[in-house]
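Hi,

Here is the structure I promised to pass on to you.

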Amino acid sequence: MAIPIKISIVDDDESIREGLSRLLSSVGFVVKTFASAEEYLSSDQPGRTDCLLLDVRMQGMSGIELERQLVADHSEIPVVFITAHEEETVLAQVLDGNARTVLTKPFSEEALLNTINNMLGIRGNS
């Protein structure tokens, strides 16, 4: 029996969280959603997440700040940043930590699934 892959989504936009959760659940991932970085950090998920989808700009702690804290805590969770902003300075900050990629909103379902599958070494999930 395969161990389910756990994905956490941290985004302050409820419609984005719900849409991504539905998509990822539909292909067999176990998904947890969080409206803020603080909510994610106060949960039990940082030690249980196989992949983190993280919005760059949120109220309170930003996605970049959350990712930096996880790195400082020696977390090796693969991170996919999602953003509506393509400024080079943001992209440079994002790719400086554990983030493997940045997807700019709107992105296709296929792009997201391929990114996650490639990061986690999964074949044929999309």
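Phenylalanine 34 counts as buried because its relative accessibility is 7%, where buried means under 20% relative accessible area, exposed over 50% and partly exposed in between (1.4 Å probe, protein chains only). Tyrosine 40 is buried too, with a relative accessible area of 0%. There is one aromatic pair by the rule I used: rings of Phe, Tyr and Trp (its six-membered ring) pair if their centres lie within 6.5 Å, and planes under 30 degrees apart count as stacked, over 60 as edge-to-face and the rest as tilted. The ring centres of phenylalanine 34 and tyrosine 40 are 5.3 Å apart and their planes stand at 80°, so this pair is edge-to-face.

A word on the basis: this is a predicted model, in which local features need pLDDT of at least 70 and side-chain atom pairs count only at pLDDT 80 or more, while totals for chains, interfaces and linings use all residues. Residues are numbered from 1 along each chain as its sequence is written, and side-chain values use heavy atoms, with hydrogens and water left out.

The protein chain has five helices and five strands (DSSP runs numbered from the N terminus: H or I of at least four residues for helices, E of at least two for strands). Along the sequence they follow the pattern β-α-β-α-β-α-β-α-β-α. Of the 126 residues in the chain, 41% are buried.

Now to the cores, meaning sets of buried Ala, Val, Leu, Ile, Met, Phe, Trp, Tyr and Cys residues joined through side-chain atoms within 4.5 Å. The largest has 17 residues, and Ile7, Leu24, Phe29, Leu53, Leu112 and Ile116 have the most contacts inside it. Strands S1 (6-10), S3 (51-55) and S4 (79-83) and helices H1 (14-26) and H5 (109-120) each give two or more residues to this core. H5 provides the largest share, four residues. A second, separate core of 16 residues includes Leu52, Val56, Leu70 and Val79.

What does Leucine 112 touch? Leaving aside residues up to four places away in sequence, its partners are Leu20, Leu23, Leu24, Leu53, Leu103 and Phe107, with contact meaning heavy atoms within 4.5 Å.

Finally, the H1 and H5 axes (lines fitted to C-alpha atoms over the stretch in contact, with angles from 0 to 180 degrees between N-to-C directions) come within 11 Å and cross at roughly 60°. Leu20, Leu23 and Leu24 of H1 make the contact with Glu109, Leu112, Leu113 and Ile116 of H5.

Best wishes
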